[in-house]
Amino acid sequence: VTVGPALRWLEERLRAQRAWFERSAFRKLLAATLGLALVLAGVMTLGGFLVARRVIQQSVLSELSARAELATRELELTVGGVMDSARALARNGIVTGALVDSQGRELYLLPLLRDMASVAPVPIHLAVVDYRGRTLGCSLHQHEGSFAEAPWIPSVTERGETRIDVERGPDGAVLRFAQPVIFPGTGRPEGALVVEIPLGAILAKFRDRRPNQVLELVDPEEPGRPTGAATLDDSLVVVEHRLTLGGDGRLRLRLGLPHEVAFGGLHRFAIATLLGVMLAVVIVLLVGWRLAMRLTAGVRELSLAVVDAAVSERPGIRVPARGEDEVGALGAAFNALLARLEAVSAAQLAEQVERRQGAERALLLAREAVEQAVEAIEVVDSEGRVAFSNGAAARLRGVPADAAVGRRWEELFDRDGEWWSGVWRRLRGERSVVLPLRIHRDGETIPVAVTLVYFELDGEEHCIATVRDVREQLRAEATERLASLGTLAAGVAHEINNPLAYVLGNLSFVRDSLQGAAEGGLPEEERRALVEAIHGAERVRDVVRSLRAYSRPGQGPPMRVDVAAELSGALKLVGNTIRHHARVVEQLEEVPAVLARPNELGQVFVNLLVNAGQALRPDSGRECEISVRCHATPDGRVAVEVSDTGVGIPLEVQPHIFEPFFTTKAVGDGTGLGLSICHGIVTRLGGTIGFESEPGKGTRFTVLLPAAGPVVTAERSPRAEAPRGRILVVDDDPAVTRALARVLGRTAEVSVETDPERALGRLAQPPFPDAILCDVMMPGVTGPIFLERLRATDAALARRVVFITGGAISETISSAVAATGQPCVEKPPDPDALARAIASVRPA
Amino acid sequence: MLLILAIVAAVAAGAPAEPARPVLIGLDLEIGHKTSTSDDAIRRGVLVAVDEINRAGGVLGGRPLAVVERDHRSVPARGVENIKELAAMPDLVAVLCGKFSPVVIEELPVLHQLELPLLSPWAASDGVIDHGRTPSYTFRLSLRDSWVARAVVRRASEHGLRRLGVLLPNTEWGRSNKAALAEATRGTPVKVVGERWYNWGEPSFLGEYDALLADGAQAIFLVGNESEAAILIRELAALPPARQRPILAHHGVMGGDLATMAGEDLRKVDLSVIQPFFFTGRPIERHVLEAARTLFGVHGRRQLPSPAGFAAAYDLTHLLARAVQKAGSTQRPAVRDALERLGPYDGLVKRLEHPFTPERHEALSPDDLHFGRFNAAGLLEPADR
């Protein structure tokens with residue numbers, strides 16, 4: 001009943017002790033040290049005890065042996081003395097006479113024997129016997145024993161041997177010494193002197209001297225006849241010593257001491273040693289315990305103080321550093337460390353904190369960046385299962401990111417597992433694969449560039465799939481293409497405009513010359529050819545201008561634009577393409593102007609016209625017709641309709657036609673940007689673009705644009721007066737200068753200069769021209785530089801400059817020209833525009 | 001061998017074809033004694049007598065006498081055993097002892113118990129005969145200590161040697177002599193001025209001798225045997241004459257060949273030895289010497305160094321034969337009785353009218369004792385002749 005709680009209590013105590021130990025290195029060290037010391041002490045004690053026991057045992061046995069030897073010697077001396085006396089006595093005349101003198105036995109022998117016996121060191125029995133052992137005399141008054149006919153008698157009395165026997169008598173061992181008595185008359189033994197020496201009595205003397213020791217005589221050959229007076233048993237420590245009495249050495253003196261007497265001291269020594277060691281161990285344990293408690297207490301106190309110092313925000317805190325021992329030294333070291341730590345600047349700490357926070361921020365940002373990345377980022381395992389999916393990917397998939405995980409990755413692209421297997425094989429080989437794919441979502445097809453990068457994480461194969469929406473990229477690429485086309489067109493225009501300038505100028509000069517010289521004198525056919533040549537040249541000029549306009553849309557500020565004119569320009573630009581297989585019906589009404597950047601609308605219209613032309617199927621058997629119409633709507637907007645009789649737009653495609661890069665055309669036929677760009681332009685202008693389409697019958701696009709406000713200063717200036725005065729033409733192309741000189745030479749005094757430097761030199765002195773026509777693009781000195789230098793020498797003269805240009809090559813020069821504030825006329829110059837420009841710079 | 005000799009002798013004497021069982025005579029002698037010649041003398045005396053008797057037809061109608069011998073080595077204990085053994089023999093009629101009285105003294109109880117007659121040709125102690133037992137089975141044809149004492153006192157007195165020193169063996173024999181001497185000196189001018197006791201086997205007596213001289217002894221009475229006598233003679237011979245005193249020696253000194261043992265020193269000392277018998281040249285003496293020569297190869301008296309023992313044994317054997325004859329049987333009590341009733345016998349020692357009587361078992365008398373001295377030939381001659 002009481003065992004259970006006691007065991008539980010013990011178990012708790014043991015657990016507590018164990019935890020207590022495990023919490024303290026010092027205590028472990030102490031336990032180990034004490035345990036070791038305990039074991040060592042035990043071993044040394046045991047070893048010392050064993051050695052001491054062996055030494056003491058040997059010493060005791062040696063002492064016992066010495067005692068036995070002493071006792072043996074004393075016994076032998078005593079017995080030997082008696083036997084020597086007996087030998088002498090056997091030769092004594094009284095003894096020998098007793099053999100033949102019965103009367104003398106009473107008179108002399110008996111007193112002699114008794115006297116001899118009485119003076120012996122031990123109570124011996126002396127007897128003289130005849131040749132058959134019969135007693136002739138003995139020292140005892142009443143001798144009960146007789147040696148008559150004893151078996152040993154003949155050996156003494158017949159053979160004259162001295163006989164020593166040890167017999168067990170009633171009072172213990174008796175050594176019987178029989179010496180033959182030689183009768184002088186015969187010279188032969190005729191009797192014997194027998195001495196019986198009670199060895200027991202001698203041994204008893206020893207025992208009396210040392211009461212605790214046991215002595216006995218033993219005859220090893222006759223073990224059944226112990227001759228001692230005491231019994232030796234196992235409780236005794238026994239040593240034996242050979243007794244040389246009688247010469248045969250058979251007898252042994254056996255000396256025994258009780259174990260208690262022999263080894264009592266040893267046992268007391270052992271107990272005292274053990275007690276001493278146990279006491280020492282207890283003392284060591286207590287002292288060690290106390291020491292460990294002090295040490296651990298100091299260390300624990302120090303630990304707590306260090307923890308306080310670590311968590312405390314209060315500056316200047318210190319741990320206790322008492323004493324000069326290791327704990328004190330440790331405390332002092334901690335204090336030094338604390339001081340050093342405090343010495344570190346707060347800025348450093350703040351910087352560290354900031355850096356860390358920055359790193360954490362960067363990590364968060366990286367996570368957020370991945371999450372918020374425009375591009376879908378997913379991690380796919382080797383089986384094609386999505387392991388991770390960011391927000392963009394979720395949006396791409398149209399499902400939450402969590403729902404995407406675990407789904408088949410290839411399903412995003414409407415592909416099957418076989419396709420994925422091929423992709424994975426290729427990815428493992430090439431490590432990185434870029435795939436152009438499309439995503440179909442809600443009826444929309446999104447072109448994407450998918451980059452797969454292979455990697456292994458913890459031995460598992462994965463890949464990162466980056467799905468990038470390339471719609472904007474493709475759009476930019478198309479824009480860039482258009483820009484390149486514009487630059488090309490500008491270059492072409494510049495190169496064409498210069499020759500066109502003098503072609504058209506010279507033709508006009510010839511026509512005007514012919515008209516002025518001989519009104520109607522020129523035959524009709526030649527006049528018509530000249531007029532057609534002039535029209536052809538003007539048509540070249542218009543095409544070049546349209547090309548420039550198309551290639552550089554949206555530049556410059558919005559301005560009032562004549563929609564019909566834009567439509568006409570567009571038709572001119574693409575007319576050649578469509579007129580081959582379609583009939584173009586133009587129904588252009590006068591409509592209000594709209595606000596737009598130059599050429600923007602032309603771009604829209606060109607697109608619509610090109611699409612219409614491509615939608616036509618001349619081999620379909622139906623009439624191919626493109627109808628272009630513009631008119632004002634009742635609500636005041638301007639409507640432009642472009643319709644065709646083509647294949648129409650399929651119903652499933654219709655919702656997507658304004659999406660970027662959506663195309664139904666074969667690769668190479670279109671960029672897919674056309675309608676989306678048109679949609680963007682029209683929407684930006686505040687208009688709308690829509691369509692009606694019936695597959696197989698045709699399509700009609702309708703653009704509705706808001707009309708510009710009422711015209712304030714849009715009065716068309718009257719036809720300019722022909723230029724007068726002196727005009728200097730500076731152009732590096734001599735053909736251009738000559739043509740201008742012919743055209744202007746009719747009304748003005750024209751001088752030309754093909755070298756700007758020489759022109760500047762001429763302008764340094766009179767006569768000063770009233771207008772200076774200066775080409776913008778000249779080798780060495782551009783138009784604006786020419787103007788600048790002229791301003792430097794004669795600012796007034798510089799205000800008479802009119803730039804003429806075949807088309808600005810670069811935006812920089814265009815801007816520089818615009819910045820001069822001087823008028824600029826494009827080549828081939830319109831005669832009215834040129835006249836107005838010259839008029840504007842002529843001094844009044 | 002002697003027994004065989006006796007038997008052969010008997011046969012040769014013309015015994016009946018069917019040999020009668022011999023009548024045995026026991027000898028209990030000190031054969032093993034080193035210097036003793038007494039045993040030889042006694043045995044020879046007995047055998048010469050047996051030879052004569054057997055030649056004469058034996059006893060009891062033709063039964064030869066035969067001798068059975070036992071050696072007691074002068075040790076009484078052995079003698080007692082010998083007596084027992086001899087007594088056990090049915091045809092043994094008596095025993096002759098040797099010269100040692102102590103042996104006989106100790107044999108007395110068993111002798112009388114077994115009713116075995118003992119005839120002493122030598123043992124001289126008074127106790128051999130005077131032991132008080134009746135009927136006494138001991139008989140002696142020799143001298144007697146008390147007679148010796150008187151003879152010594154008488155001779156000392158005759159030679160004016162009034163102060164006697166005595167050397168005595170520490171035995172019953174010595175004490176017997178002391179008592180006898182005390183009795184003998186009573187009423188005489190001779191006084192015993194000193195007595196010195198010795199034990200058998202003493203190597204020297206010079207101390208005792210000097211002590212006796214210091215006591216004022218004019219003569220020394222030596223009670224001893226040939227060993228003591230020979231030692232004393234040699235020691236005295238080495239002394240200056242002034243320190244030499246006459247030695248009156250007991251019969252015991254003739255128990256051995258003293259002449260040989262003492263050698264030339266024998267003539268340097270004044271030694272007188274008391275004897276019951278001397279060869280004096282009588283016819284019987286020549287007869288027995290011849291017989292001894294025939295039987296034992298003994299040539300002359302010098303080869304019989306203990307003549308008294310020889311003569312006494314010879315006479316006692318004849319007396320015993322006569323007693324057996326007289327008893328008519330080998331019954332030992334009858335023989336003993338017959339010994340007391342023998343008629344006159346003309347023996348070698350002397351003629352005995354009544355050798356023994358119931359009251360007297362001594363065949364001799366004090367007057368039969370005489371002192372003798374050794375002559376140059378080593379033969380003991382009567383001193384007074």
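This is a predicted model: local features need pLDDT of at least 70, side-chain atom pairs count only at pLDDT 80 or more; totals for chains, interfaces and linings use all residues.
Residues are numbered from 1 along each chain as its sequence is written, and chains are lettered from A, with ligands numbered from 1, in the order in which they are written. Local features need pLDDT of at least 70, side-chain atom pairs count only at pLDDT 80 or more, and totals for chains, interfaces and linings use all residues; side-chain values use heavy atoms, with hydrogens and water left out.

**View 1. The contact between chain B and chain A.** Chain B contributes 20 residues and chain A 27 residues, where contact means heavy atoms within 4.5 Å. About 2,000 Å² is buried between the two chains, 48% of it from carbon and sulfur atoms; buried area is the accessible area (1.4 Å probe) that two parts lose on being put together, summed over both.

View 2. Seven salt bridges link chain B and chain A (a side-chain nitrogen of Lys or Arg within 4 Å of a carboxyl oxygen of Asp or Glu). One of them pairs B:Glu81 with A:Arg132, at 2.3 Å from N to O. On chain B, α3 (76-87), α4 (101-114) and α7 (172-185) each supply at least two residues of the side that touches chain A, and α3(B) gives the most, with five residues. Helices (H or I, at least four residues) and strands (E, at least two) are DSSP runs, numbered from the N terminus.

**View 3. A parallel strand pair in chain A.** Strands β21 (residues 726-730) and β22 (residues 749-753) of chain A run parallel and are joined by five bridges; two strands pair if DSSP finds at least two bridges between them. A:Val729 has A:Val752 of β22(A) as its bridge partner.

View 4. The A:Pro766 to A:Pro767 peptide bond is cis, with omega near 15°, and A:Pro767 lies in the loop between α19 (756-763) and β23 (771-775) of chain A. Another cis bond joins B:Thr134 and B:Pro135, with omega about -10°. A:Asp414, not a glycine, has a positive phi of about 55°.
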